[in-house]
Amino acid sequence: MSYSLLLPVHISAGVVGILSGAAAMSFRKGGPRHTLAGKVFVAAMLALGSSAVYLALMKHQMSNVLGGTFAFYLVATAWATARRRDGETSIFDWVALLVPLLVGIALWISGLEVVYGHTRPANGVPVGMYFFMGSVMLLAAAGDIRMLVGGGVFGAKRIVRHLWRMCFGLFIATGSFFPGQQQVFPAWLRGSSVLFVPALLPLVLLIFWLFRVWFTNTYRKKGVRPQAAGAD
């Protein structure tokens with residue numbers, strides 16, 4: 001598929017992903033509307049991640065290649081977590097583990113090269129972003145290793161694994177769109193800090209849901225099975 005044909009697909013997938021992710025967070029968790037919105041979100045984010053990697057390769061933007069790969073990994077592993085029962089793992093998890101491990105190490109190396117002056121930040125990416133995203137990826141890899149060594153995840157831990165990966169995948173989409181694509185917004189809004197509010201909102205909601213899952217009995221009592229959604 002040519003660049004000119006794939007770009008509209010990429011943009012459409014991003015818009016659908018952001019809207020369906022927001023809807024999944026708004027609907028009652030475990031309900032049919034939440035589940036439907038979550039399925040749309042997964043499909044859109046997988047399309048967004050894969051198209052981002054292809055487009056970034058064509059433009060030699062390695063930072064976007066890594067970001068698209070990580071977004072695809074997060075949503076795919078969150079979806080797999082939601083589809084399984086407690087304690088289930090597969091060869092898919094061993095293969096998927098390589099993504100955050102290798103990408104996280106690559107980002108840390110790139111960040112150190114920028115710090116020591118061996119190279120310049122790609123596409124104006126702040127040097128701190130290399131270490132932030134690299135650390136998140138390595139934490140995801142550590143979670144995968146812990147899950148595989150422990151024979152899977154159970155109960156609230158499985159919900160948390162599904163939850164944070166979906167929300168962080170949505171954060172990658174909102175962060176790429178609102179601050180990263182300011183040319184699509186009116187001139188008076190470009191450069192405004194207001195655009196960082198929707199960009200960071202998935203992280204705020206992620207913290208809220210993590211506290212609710214860990215420190216309340218809502219999900220433990222109801223035994224809610226996480227679905228493929230933006231937050232659960």
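Trp108 counts as partly exposed because its relative accessibility is 33%, where buried means under 20% relative accessible area, exposed over 50% and partly exposed in between (1.4 Å probe, protein chains only). The structure is a predicted model, in which local features need pLDDT of at least 70 and side-chain atom pairs count only at pLDDT 80 or more, whereas totals for chains, interfaces and linings use all residues. Residues are numbered from 1 along each chain as its sequence is written, and side-chain values use heavy atoms, with hydrogens and water left out.

Rings of Phe, Tyr and Trp (its six-membered ring) are paired if their centres lie within 6.5 Å, planes under 30 degrees apart being counted as stacked, over 60 as edge-to-face and the rest as tilted; by this rule there are ten aromatic pairs. Since Trp108 belongs to helix α4 and Phe131 to helix α5, the pair ties together parts that are 23 residues apart in sequence; helices here are DSSP runs (H or I, at least four residues), numbered from the N terminus. With a relative accessibility of 18%, Phe131 counts as buried. The pair of Phe177 and Phe178 is likewise edge-to-face, because the ring centres are 5.0 Å apart and the planes stand at 80°. Ring pairs also link Phe70, Tyr73, Phe132, Trp164, Phe168 and Phe171 into a cluster.

Within α4, the buried residues include Asp93, Leu97, Pro100 and Leu107. Just after α4, Gly117 adopts a positive phi of about 80°.

Terms used: Helices (H or I, at least four residues) and strands (E, at least two) are DSSP runs, numbered from the N terminus.
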